[in-house]
Amino acid sequence: MSEAVTDRTINGIPFIDFGDFGDGSSPAALAIGRKFFAACKDTGFAYLINTGIPQATVDEMFQWSRRFFALSKADKMSAPRPQEGWWHRGYSGVGKEQIDQDSQPASGPAKPAAAALPKTTPDYKESFDLGSSAPGARLPNIFPPPHVLPGFEDACLAFFDAGRALQGTVLTALALGFENAAMPRDFFVPFHTEAANQVRLLHYPPAPLSSFLSGERGRVAAHTDFGTGTLLFQDPADTRGGLEVETRADEWVCAPPVKGAVLFNIGDLLMRWSNDVLRSTSHRVTGVFAPKDGDGAAADPDEIVEGRFSIPYFLGPDAHAVIECIEGCHDPADPSSKKYAPITASAYIDMRMTANYT
Ligand SMILES: O=C(O)CCC(=O)C(=O)O
Ligand SMILES: [Fe+2]
């Protein structure tokens with residue numbers, strides 16, 4: 001039996017099997033779309049399996065990520081992220097980005113106060129961002145010169161393309177899931193022609209547990225993602241995990257790495273687009289609650305919390321796409337049932353991005 005019709009979950013996060021999805025035209029694809037849509041509505045997170053991205057591709061990308069972050073500071077700084085907050089390409093050193101949900105304009109109803117780290121806790125992480133290399137791409141990529149890490153650029157761009165292919169599947173499944181007969185299954189495609197996506201290699205260096213407990217260091221404070229959605233690749237070699245997701249009951253649960261699975265979550269822009277029918281879900285990486293083999297919180301403050309690698313792949317609409325309440329997500333007889341004014345994707349994302357960088 002296909003996973004699409006089984007009830008496998010981890011901490012309430014459902015698994016969706018895309019093995020039978022094909023081009024989205026079959027009854028099996030419709031069933032997958034419906035289940036995926038329900039997950040995006042109810043949980044905001046889903047583990048995707050049989051996505052078409054081989055595990056070997058993901059493993060290799062993590063190896064490249066390890067090699068990149070193992071370079072000297074000077075070599076990493078040969079591809080520096082520019083000062084402009086919106087130009088999210090290249091290397092950002094530890095402390096460059098500070099995610100602070102409270103400083104950001106809300107896209108939906110007020111979220112319950114998350115039991116987050118203190119606002120002043122710096123994110124103890126470094127990152128490398130890249131996007132489309134197509135001629136005319138809105139944000140030029142910034143890679144180290146080839147001699148610094150031969151093969152890195154090609155590997156990154158191949159991974160970008162692999163995620164782009166999965167984006168097509170995910171967006172088709174979402175469209176199928178909307179119970180709106182007027183919505184074609186390629187509804188989202190014309191809004192995502194420019195591949196305005198962002199791959200982020202993330203490295204959270206090891207640090208003493210005590211520094212996380214005291215608030216001296218954090219990893220990523222509670223936040224929601226900005227765009228259409230995020231494919232989160234977690235390191236299958238990471239036995240501790242560390243990502244936590246806030247449930248609808250305001251509890252934090254772990255979303256551990258699962259070999260062969262890609263974690264997907266809804267972004268704020270899609271929440272806004274769907275008039276809050278789909279829900280972006282708060283998540284965080286603290287370094288504090290990183291259970292080993294599910295045995296609960298680590299206890300010894302002198303313990304060194306291992307480093308963590310992850311690769312969020314942010315899916316975003318084209319810069320000039322106008323994001324306006326999707327038909328079927330409001331009452332056509334009542335214009336005031338549309339909660340948000342139309343906005344271009346670039347205006348929205350830039351506003352959110354700029355708020356995150358110091
Ligand atoms: O490292 C992780 O697992 C999550 C990172 C994340 O949520 C983000 O960068 O938006
Ligand atoms: Fe995130």
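Does K125 count as buried or exposed, and how many C-beta neighbours does K125 have inside 10 Å? K125 has 25 C-beta neighbours inside that distance, so K125 counts as buried. Keep in mind as we go that this is a predicted model.

Let's stay with K125 for a moment. You will find K125 in the loop between β4 (90-92) and β5. Leaving aside its neighbours within four places in sequence, K125 is in contact with V94, L202, H203, Y204, R219 and V220. Q55 is 70 residues away from K125 along the chain, and the C-alpha atoms of K125 and Q55 are separated by 25 Å.

Now step back and look at the whole chain. It has 7 helices and 17 strands. Of its 358 residues, 43% count as buried. Consider also the contacts between residues at least 6 apart in sequence: 79% of them join residues at least 24 apart.

Helix α1 covers residues 27-42 and has 16 residues. From its first C-alpha to its last, α1 reaches 23 Å, close to the 22 Å expected at 1.5 Å a residue. Its buried residues are A29, I32, G33, K35, F36, F37, A39 and C40. These buried residues of α1 pack against β2 (13-17), β3 (45-49), α4 and β12 (261-266). Just after α1 comes G44, which takes a positive phi of about 80°.

The next stop is helix α2, residues 55-69, with 15 residues. Its reach from first C-alpha to last is 21 Å, close to the 21 Å expected at 1.5 Å a residue. Buried in α2 are V58, M61, W64, S65 and F68. Because they cover an arc of only 120° around the axis, they sit on the same side of α2. The face turned away from that buried side carries the exposed residues Q55 and A56. As for partners, the buried residues of α2 pack against β5 (126-130), α4 (152-177), β6, β9 (229-234) and β15.

Next, let's look inside. The largest nonpolar core holds 75 residues, and F36, A46, L174 and V262 touch the most other members. The largest share of this core, 10 residues, comes from α4. Take A46 as an example: not counting residues up to four places away in sequence, A46 touches I13, P14, I16, F36, A39, C40 and F264.

Around ligand 1 you will find R200, L202, V220, D225, L232, L243, H283, V285, S310 and P312. The elements giving two or more residues to this shell are β6 (198-204), β13 (283-285) and β15 (308-315). By type, the shell divides into 6 nonpolar, 2 polar and 2 charged residues.

Our last stop is H223, in strand β8 (residues 220-223). What makes H223 buried? H223 has 21 other C-beta atoms within 10 Å, and a residue counts as buried if 20 or more lie within that distance. Finally, P122 is 101 residues away from H223 along the chain, and the C-alpha atoms of H223 and P122 are separated by 14 Å.

Terms used: Residues numbered from 1 in each chain as written. Chains lettered and ligands numbered in written order. Predicted model: local features only at pLDDT ≥ 70, side-chain atom pairs only at ≥ 80, totals over all residues. Near = placed C-beta within 6 Å. Helix = DSSP H or I, 4+ residues; strand = E, 2+ residues; numbered from the N terminus. Nonpolar A, V, L, I, M, F, W, Y, C, P; charged D, E, K, R; others polar. Expected span 1.5 Å × (residues − 1). Buried ≥ 20, exposed ≤ 12 C-beta atoms within 10 Å, placed from the backbone. Arc of directions from axis to C-beta. Contact = placed C-beta atoms within 7 Å. Core = buried A, V, L, I, M, F, W, Y, C linked by C-beta atoms within 7 Å.
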